[in-house]
Amino acid sequence: MSIPVGQSAGHAGPAAATIGGDLTPELIDTDWWTDQMVAAAGIPMQDVPLVTVGGGIGSFILVDLLRIAGLEPSKIRVLTGADYPWQQYEYLTRCSQIPITERIRSDSTAIPDNFWGFPSLAMREFWKDKKLTPVWNVATEPILSDYWTPRLGAIFDGLRREAARISWDDMVLKGQVRMVRRRAGGGYFVVLTPPTGVAATRRVVIRAQFVHLGIGYPGVKFLDDLQQYRTTYEDTFRVVNAYEPHEHVYDELKARPGTVVVRGSGIVASRVLQRLIDDRDRHGAQTTILHIFRTYVKGSHGDSVFSRRKGANGWAHQGFNYPKSAWGGQHWDQCRKLEGEARAAFYKRIGGTNTPRRKSWLEQLARGRKEGWYQQFVGTVQQVFPGQDGTVVTRLTATGNGTVADVPASFIIDCTGLEADLREHRVMADLLDHGGAGRNPIGRLDVDREFGVRGAESAPGKLYATGSMTLGGYFCGVDTFLGLQLAALDIVDDLAGQGLCRRIGPVRSISQWWRRMRWRAP
Ligand SMILES: Cc1cc2nc3c(=O)[nH]c(=O)nc-3n(C[C@H](O)[C@H](O)[C@H](O)COP(=O)(O)OP(=O)(O)OC[C@H]3O[C@@H](n4cnc5c(N)ncnc54)[C@H](O)[C@@H]3O)c2cc1C
């Protein structure tokens with residue numbers, strides 16, 4: 001398919017923008033659209049070779065690499081509601097108790113604004129603070145020290161600078177994407193709803209040969225019993241999810257003594273516990289923390305001597321979401337070769353809930369256990385219901401002896417999940433129903449080894465997807481900075497093979513790195 005660059009199709013342009021066409025029943029019900037169908041609906045249309053939907057960190061990383069591969073801003077459109085690429089990530093980290101001064105979970109070379117990973121984030125901190133600690137840490141980890149991880153603020157600063165260098169804002173088209181449909185003759189139509197009051201039209205269609213989906217998490221998922229409580233009693237005050245704003249919980253607990261139930265044992269539970277304990281230590285909060293585990297890890301575990309994971313006091317400990325070899329070693333290699341059930345079993349074996357082993361967290365919890373204000377429960381929750389004096393009660397069947405206990409608390413913080421079903425995202429639901437896409441062995445979006453969405457091909461165009469919705473594919477690190485970079489590299493190679501951009505070989509890589517070091521545009 002040949003689509004002229006930066007040129008609008010016949011009926012688009014300022015005059016057409018006032019026509020304000022909308023989706024018609026024919027368009028909604030048809031899987032493959034023709035140019036005539038869109039024209040007949042009167043929706044303004046723009047042409048661009050490549051579109052990325054989402055405009056978050058995954059989109060940013062792909063666009064950054066495409067710019068490095070020689071693609072001009074005029075050939076890329078970023079369809080997003082976000083004001084800047086790290087907006088959603090910033091929101092989720094803020095909710096889940098990671099202030100910008102705190103350290104995140106990725107390593108020194110996972111730099112979303114620098115795909116070479118050099119100079120590393122530890123080097124950056126060394127230059128900034130003039131202290132050798134980060135350099136010593138990365139030189140000795142993980143034997144003599146825990147993994148070094150960057151501060152959240154360093155990630156934002158880097159993204160801000162790189163966004164300016166690659167002219168990110170020039171590529172952004174604001175709005176919510178409603179659907180992506182295949183085009184008869186090749187490529188895709190992406191339907192965008194512009195922000196109200198900004199455009200004179202209700203919809204805009206972008207006709208693109210290549211589309212990338214980087215929409216992040218389909219939504220927040222509550223545990224069933226907590227969701228039922230919230231719906232039945234319309235109480236979103238006492239039962240909260242760690243990924244939604246819940247500052248009022250900490251404010252209340254600082255203002256008067258209270259009890260809080262924490263559910264989950266991943267990194268977000270660690271963060272929330274840290275916040276609760278910091279508030280005890282720094283602001284004199286008299287909070288009692290009741291921590292409910294469904295699965296209690298007593299010690300090191302794993303199915304062979306070569307795949308052991310540390311664990312203690314309920315927690316499974318691991319530096320990163322997966323063993324490091326998942327991003328480029330033996331686990332990366334194994335995963336690429338597995339299909340169906342075998343791949344699902346692989347994910348189960350190397351994944352699972354875990355959290356880094358940080359000395360400060362271990363010290364806080366040990367102190368809480370000793371002084372009695374941090375207590376652990378292991379069991380299955382039967383029901384959650386309102387108690388007396390405005391409390392919320394968790395009815396729990398203890399693992400082992402089957403004793404039933406009622407645990408009243410002022411608040412419950414659900415730290416268990418961010419992943420909702422694919423269908424809860426409108427674009428995903430439409431793609432499953434009309435776009436030919438299917439699910440992978442763990443139920444998310446099925447992509448091939450180059451991150452092309454299987455079943456949604458529309459040659460000579462291609463639909464790609466990266467990020468959490470593709471977890472379960474041939475690369476399990478896909479929802480991380482480094483994983484998004486490796487996935488983007490595969491996509492850019494694939495696009496170079498189709499003639500969209502240049503291949504990033506050694507000469508281009510070195511010359512572009514040098515340009516970046518001097519802060520020149522790619
Ligand atoms: C709390 C938290 C901490 C994390 N910490 C780390 C870490 O330390 N290291 C690491 O490597 N990874 C980390 N991750 C994982 C991952 O790297 C980040 O979540 C990253 O932001 C994922 O990028 P993304 O582009 O897939 O999603 P996002 O950055 O969330 O971007 C998705 C974007 O798509 C937009 N969008 C959705 N639907 C539409 C639509 N219909 N139309 C237009 N736009 C739409 C959203 O508004 C959002 O702006 C963390 C994740 C979370 C939640």
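The model is predicted: local features need pLDDT of at least 70, side-chain atom pairs count only at pLDDT 80 or more, and totals for chains, interfaces and linings use all residues. Residues are numbered from 1 along each chain as its sequence is written, and side-chain values use heavy atoms, without hydrogens and water.

**Overall fold**

- The protein chain has 18 helices and 17 strands. These are DSSP runs, numbered from the N terminus: helices are H or I with at least four residues, strands are E with at least two.
- A compact globule of 522 residues would have a radius of gyration near 24 Å, and the protein chain agrees, with 25 Å. This radius is taken over C-alpha atoms, and the globule rule is 2.2 Å times the number of residues to the power 0.38.
- Along the principal axes, the C-alpha atoms fill a box of roughly 70 × 55 × 45 Å.

**Ligand site**

- The ligand is surrounded by 30 residues, and the closest are Gly58, Arg105, Val177, His425 and Phe481.
- A ligand oxygen is 2.7 Å from a backbone N or O atom of Phe481.
- A ligand nitrogen is 2.8 Å from a polar backbone atom of Val177. A ligand oxygen is 3.3 Å from a polar backbone atom of Gly54.
- On its own, the ligand has 970 Å² of accessible area, and the protein covers 90% of it. Such areas come from the Shrake-Rupley method with a 1.4 Å probe.
- Helix H4 (57-68), helix H5 (87-95), strand E5 (176-183) and helix H17 (481-497) each give two or more residues to the shell. The largest share, four residues, comes from H5.
- By class, the shell has 14 nonpolar, 14 polar and two charged residues. Ala, Val, Leu, Ile, Met, Phe, Trp, Tyr, Cys and Pro count as nonpolar, Asp, Glu, Lys and Arg as charged, and the others, Gly among them, as polar.

**Cavities and a pocket**

- On a 1 Å grid over the protein atoms alone, a cavity is a set of points where a 1.4 Å probe fits but cannot get out; a pocket is an open set with protein on both sides within 12 Å along at least five of seven lines; lining residues have an atom within 4 Å of a point.
- Two cavities of 30 Å³ or more are counted.
- Of its 45 lining residues, the closest to its centre are Pro142, Tyr147, Gln318, Gly319 and Phe320.

- Most residues other than glycine have a negative phi, and most peptide bonds are trans.
- The peptide bond from Phe118 to Pro119 is cis, with omega near -5 degrees. Pro119 is in the loop between H5 and H6.
- The bond from Glu141 to Pro142 is also cis, with omega near -10 degrees.
- Ser167 is not a glycine, yet has a positive phi of about 60 degrees.

Methods: Near = heavy atom within 4 Å. Polar contact = N/O pair within 3.5 Å; in protein donor to acceptor, adjacent residues only side chain to side chain. Points joined across faces, edges and corners; volume = space filled by probe spheres on them.
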